[in-house]
Amino acid sequence: MIEPWVITQEDSNVTQADTTANELQDLFKYRVPKGMKVHLRPTDIICFYGRETDNTALQANALVKLEMRDATGEEKTPLVNSIQYANYNGEFQDKDKLIKLDIGREIIVGEQEYISLMVKNPSPYADKDYSYFEIRTHRGI
Amino acid sequence: MPQESKFRLLDTDPNIAEDSAFGTTWRDTWKFQCPSHMRLILKKGDYFSLHAEDSADAEYAAPDSLVQIEVRDPSEQKKINVYGPANYNSSKEFQDFNSMAQLDLDVPIIIKPRDFIVFMTKDSVGMDAASVANSYCRLITTKIVEVEGGKL
């Protein structure tokens, strides 16, 4: 059965980590649990609010990238290429401003594979405790 | 002959039970049980809005506030996820249709008599009976109406 599914920072399968300033690193890394597949589609939405450690939003020119990785973490497929945080800007509602995945067809992310949201903020680093995201997609169970 | 009409399901519906226990884990905040004379059809694009307050009388705040909607059979053993679990921020708009949350179903789901639609919430502060009373939700969906002789 395929049903709507939203992946957020609160999902128990998401690993959170502060990034290092000026390096593109994983802020949120989701690992698909056993017994489930994520069906990513070109119409799926990614929303992201990022905050620096000094309690302000990420800089507009910070880079944000979404990528899929196989279970080894070695084979990588971009889902949304590196774009400035200004494109995301913490928008979760306005459909004219939401960002869709950069994929041309449905991609199935299998058990134990990863979806990672990466951030490169000039300085200081991106803070996992105050940042949040969601990927509006579907899952097969 | 059955016909479809727009239906607004509100938290004040007489067939909704409100949760009154305190908790910081997932809670069935509003639980609608479809009455015997009614059927609903949840469709892709149905609009959903929710305003939630915690036990400190403050509106839910990111990043640890989540919202989810499930459809359950009468035994509550079979569950279908129809929305979320998404950040609260995504579904708090009640006026601007361009900003309202929508269901993204592949196929319509028929809600039969005694089936449940459950609006679930979770945040780190928790909700109690008073905060549930201060909170509200709305799902704009479709009702199936039996029409005698083809006339409403």
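This is a predicted model: local features need pLDDT of at least 70, side-chain atom pairs count only at pLDDT 80 or more; totals for chains, interfaces and linings use all residues.
Local features are given where pLDDT is at least 70 and side-chain atom pairs only at pLDDT 80 or more, while totals for chains, interfaces and linings use all residues. Residues are numbered from 1 along each chain as its sequence is written, and chains are lettered from A and ligands numbered from 1 in the order in which they are written.

**View 1. Chain B as a whole.**
Chain B has one helix and eleven strands; helices (H or I, at least four residues) and strands (E, at least two) are DSSP runs, numbered from the N terminus. Their order along the sequence is β-β-β-β-β-β-β-β-β-β-α-β. Along the principal axes, the C-alpha atoms of chain B occupy a box of roughly 55 × 35 × 25 Å. Buried residues make up 36% of the 152 in chain B (buried: 20 or more other C-beta atoms within 10 Å of its own, with C-beta atoms placed from the backbone). Among contacts in chain B with a separation of 6 or more, 76% join residues 24 or more positions apart (contact: C-beta atoms, placed from the backbone, within 7 Å).

**View 2. The side of chain B that touches chain A.**
Here 21 residues of chain B are in contact with 19 residues of chain A. Strand E7 of chain B, residues 79-87, gives the most to this side of chain B, namely eight residues. By class, this side has ten nonpolar, seven polar and four charged residues (nonpolar: Ala, Val, Leu, Ile, Met, Phe, Trp, Tyr, Cys and Pro; charged: Asp, Glu, Lys and Arg; polar: the others, Gly among them).

Strand E6 of chain B, residues 66-72, runs antiparallel to E7(B), and six bridges join them; strands pair if DSSP finds at least two bridges between them. B:Arg72 is opposite B:Lys79 of E7(B). Six residues lie between the two strands of the hairpin, and in the turn B:Glu76 has a positive phi of about 65 degrees.

**View 3. The surroundings of A:Tyr125.**
A:Tyr125 sits in the loop between strands E10 (114-120) and E11 (132-140) of chain A. A:Tyr125 is buried because 22 other C-beta atoms lie within 10 Å. Beyond its neighbours within four places in sequence, A:Tyr125 is in contact with A:Asp18, A:Thr19, A:Thr20, A:Ala21 and A:Thr53. A:Asn22 is 103 residues from A:Tyr125 along the chain, and their C-alpha atoms are separated by 7.6 Å.

How values were computed. A residue is buried if 20 or more other C-beta atoms lie within 10 Å of its own, exposed if 12 or fewer, and partly exposed in between; C-beta atoms are placed from the backbone. Two residues are in contact if their C-beta atoms, placed from the backbone, lie within 7 Å.
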